[in-house]
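Colleague: I've just opened this one and would like to learn how to read it. Could you walk me through it, feature by feature?

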Amino acid sequence: MYEFVRGPLVWVAFLVLVLGTAYRMVSVFRMAQKEKGVLAYMNGKYGLRSILHWVIPYASRNTRLHPAFTFLSFLFHVCLLVTPLFLLGHVMSWSESWGVSWWTLPEGLSDVMTIAVIAVVIVFALRRIVDPVARYVTSLSDYLVLAVVVAPFVTGLLARYQVADYRTVLTIHIVTGVVWLAAIPFTRLVHMLLFPLSRAYMGSESGFVRHAKDW
């Protein structure tokens with residue numbers, strides 16, 4: 001089972017990710033074509049200006065109005081993306097399979113970043129329960145997405161400290177990672193791909209058309 005999930009199943013996940021992403025991008029482009037103003041409003045200068053203001057912590061007014069949530073959100077996204085890419089075990093797997101390697105995080109820092117992701121996901125889940133506004137727009141799928149996101153980090157931490165049978169936990173860890181990758185184009189996780197496009201449009205419409213700021 002371990003060899004199957006580490007080999008063919010991982011390839012299937014990457015294939016689903018690539019094809020699913022291509023499908024979503026084509027779908028978005030077709031929808032934009034139907035709305036004549038969308039593509040006409042797109043402007044590189046104002047689009048990039050908007051993106052930069054929203055990816056820099058506290059650069060936008062909305063993020064300054066919610067400083068604690070902004071901190072947790074940026075911490076979560078940085079750890080979510082950086083940890084898997086620069087985790088020692090992951091880089092070693094790439095090196096063993098493809099002969100390529102790159103800089104890795106210190107193991108202690110990786111642990112801290114992994115725990116940070118788990119902790120913030122718990123906070124996000126509790127917020128959807130206790131905040132009336134968040135609860136109103138929350139459905140079961142939102143909790144499932146949070147579970148998909150956090151599962152590889154929980155199982156990775158268990159594997160790191162060899163809780164239970166190591167090979168079994170490692171196999172589950174890979175499976176959860178596969179589910180995470182494959183789910184990106186088909187769930188709300190797709191915002192990580194569509195964010196630059198939507199933000200570029202809103203920035204273009206505000207700056208190029210309305211001559212106003214969108215942050």
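This is a predicted model: local features need pLDDT of at least 70, side-chain atom pairs count only at pLDDT 80 or more; totals for chains, interfaces and linings use all residues.

Colleague: Okay, on to helix packing. How do I read that?

Modeller: The general idea is that two packed helices are described by the angle between their axes and the distance between the axes. The crossing of the two is left-handed.

Colleague: Which residues of helix 9 and helix 10 make the contact?

Modeller: From helix 9, the list includes Val148, Val149, Pro152 and Leu158. From helix 10, it includes Tyr166, Leu170, Ile172 and Trp180. Sorted by class, the contact of helix 9 with helix 10 has 13 nonpolar residues, five polar and no charged.

Colleague: Can we do another pair? At what angle do helix 5 and helix 7 pack?

Modeller: Helix 5, residues 67–86, packs with helix 7 at about 135 degrees, and the axes are 9 Å apart. That makes helix 5 and helix 7 oblique to each other, because an angle has to be over 145 degrees to count as roughly antiparallel. Here too the crossing is left-handed. On the helix 5 side you'll find Phe69, Leu72, Phe76 and Cys79, among others; they are part of a contact that includes Met113, Val117, Val120 and Phe124 in helix 7. The classes in this contact come to 15 nonpolar, four polar and one charged.

Colleague: Now the charged side chains. What should I look for?

Modeller: Side chains of opposite charge can pair when their charged atoms come close. Searching the whole structure turns up four salt bridges.

Colleague: Which residue does Arg6 meet in a salt bridge?

Modeller: Arg6 pairs with Glu96, at 3.3 Å from N to O. This pair links distant parts of the chain, with Arg6 in helix 1 (residues 2–34) and Glu96 in helix 6 (residues 88–98), 90 residues apart. Arg6 is partly exposed, at a relative accessible area of 27%, and Glu96 is exposed at 60%.

Colleague: What about Asp111: which residue does it form a salt bridge with?

Modeller: The partner of Asp111 is Arg160, and their closest N and O atoms are 3.0 Å apart. Asp111 sits in helix 7 (residues 107–130) and Arg160 in helix 9 (residues 140–160), so that pair links parts of the chain 49 residues apart.

Colleague: Is Asp111 buried or exposed?

Modeller: Asp111 is buried, because its relative accessible area of 10% falls under the 20% cut-off. Arg160 is partly exposed, at 36%.

Colleague: Which residue pairs with Asp142?

Modeller: Asp142 forms a salt bridge with Arg188, and the closest N and O atoms are 2.6 Å apart. Asp142 belongs to helix 9, while Arg188 lies in the loop between helix 10 (166–183) and helix 11 (191–209), 46 residues apart. Asp142 is buried, with a relative accessible area of 4%.

Colleague: Last one: backbone angles. What's the idea there?

Modeller: Most residues other than glycine have a negative phi, and most peptide bonds are trans. Now look at Gln162, which has a positive phi of about 50 degrees although it is not a glycine. Gln162 lies in the loop between helix 9 and helix 10, and is exposed, with a relative accessible area of 56%.

Colleague: What is the phi of Ala164?

Modeller: For Ala164, phi is positive at about 65 degrees, and this residue isn't a glycine either. Ala164 also lies in the loop between helix 9 and helix 10. With a relative accessible area of 62%, Ala164 is exposed.

How values were computed
Residues are numbered from 1 along each chain as its sequence is written. Side-chain values use heavy atoms; hydrogens and water are left out. A salt bridge is a side-chain nitrogen of Lys or Arg within 4 Å of a carboxyl oxygen of Asp or Glu. Helices (H or I, at least four residues) and strands (E, at least two) are DSSP runs, numbered from the N terminus. Buried means under 20% relative accessible area, exposed over 50%, partly exposed in between (1.4 Å probe, protein chains only). A crossing is left-handed if the near helix is turned anticlockwise from the far one by less than a right angle, and right-handed if clockwise. Contact means heavy atoms within 4.5 Å. Ala, Val, Leu, Ile, Met, Phe, Trp, Tyr, Cys and Pro count as nonpolar, Asp, Glu, Lys and Arg as charged, and the others, Gly among them, as polar. Axes are lines fitted to C-alpha atoms, for helices over the stretch in contact, and angles run from 0 to 180 degrees between N-to-C directions. Angles under 35 degrees count as roughly parallel, over 145 as roughly antiparallel, 65 to 115 as roughly perpendicular and the rest as oblique.
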